Amino acid sequence: MIIVGFDPGIATLGYGVIKTDKRGKPEMVDYGIVSTPKDKNIAERLVMLEKGIKQIIDKFKPDEIAVEELFFAKNVKTGIAVAHARGVILLTAIKECGKIFEYTPLQIKQALTGYGRAEKNQIQQMVKTMLSLKSIPRPDDAADALAVALCHAQTNKLGGLFSI
């Protein structure tokens, strides 16, 4: 099964692609970011994100897509922009793949470390360990997206519990 995980962001949207074998063992396929320039308006940036997301989906043809839920934003303006980006992910993913699942940051931390309040570095170390990587994926947004995909690989055995 091929799973794409997305970590929403307006300036930097992370993606991580993994595949699992019949026993559920994950293997990293690719990871990276879709970035947008700050000098463009929000509508232009959302179009850029849509194009990047569609290219990722077209390239890897995932069986399922996992997205991090927007859980909390200290800065309301930033939170709204990230929510816009998340909306583009959801719209593009449902149109192109049809199978979307969402997880809160707490659920992702719990699935990877067994502790819902784990620190960012602990999550990154688990991504590295679970995927047998030599180093932690960079930038952080890509590592976070791989964590979303790994969370889904761990929890999708529960059926459609987290599907949208």
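**Entry 1: ground rules**

I count a residue as buried under 20% relative accessible area, exposed over 50%, and partly exposed in between, using a 1.4 Å probe and protein chains only. What I have open is a predicted model, where local features need pLDDT of at least 70 and side-chain atom pairs count only at pLDDT 80 or more, while totals for chains, interfaces and linings use all residues. Residues are numbered from 1 along each chain as its sequence is written, and side-chain values use heavy atoms, with hydrogens and water left out.

**Entry 2: Arg138 and Asp140**

I went for salt bridges, meaning a side-chain nitrogen of Lys or Arg within 4 Å of a carboxyl oxygen of Asp or Glu. By that rule I get five. Arg138 and Asp140 make one, at 2.9 Å from N to O. Asp140 has 30% relative accessibility, so I put it down as partly exposed. Arg138 is partly exposed as well, at 48%.

**Entry 3: Glu96 and Lys54**

Next I looked up Glu96 and Lys54, whose side chains meet in a salt bridge at 3.6 Å, N to O. This pair links distant parts of the chain, since Glu96 is in helix α2 and Lys54 is in helix α1 (residues 42-60), 42 residues apart. My helices are DSSP runs of H or I with at least four residues, numbered from the N terminus. Both ends are partly exposed: Glu96 at 34%, Lys54 at 33%. Salt bridges with shared partners also join Lys54, Asp58 and Glu96 into one network.

**Entry 4: the largest pocket**

Then I checked the largest pocket, which holds about 670 Å³ of space. A pocket here is an open set of points on a 1 Å grid over the protein atoms alone, where a 1.4 Å probe fits and protein lies on both sides within 12 Å along at least five of seven lines; lining residues have an atom within 4 Å of a point. The volume is the space filled by probe spheres set on the points, which are joined across faces, edges and corners.

I count 25 lining residues, and closest to the centre are Asp7, Glu68, Pro105, Lys120 and Asp144. Helix α3 (105-113) is among those supplying at least two, and α3 gives the most, with four.

**Entry 5: Lys120 and Asp144**

Lys120 forms a salt bridge with Asp144, with the closest N and O atoms 2.8 Å apart. Lys120 lies in helix α4 and Asp144 in helix α5, so the pair ties together parts 24 residues apart in sequence. Lys120 is partly exposed at 40%, whereas Asp144 is buried at 14%.
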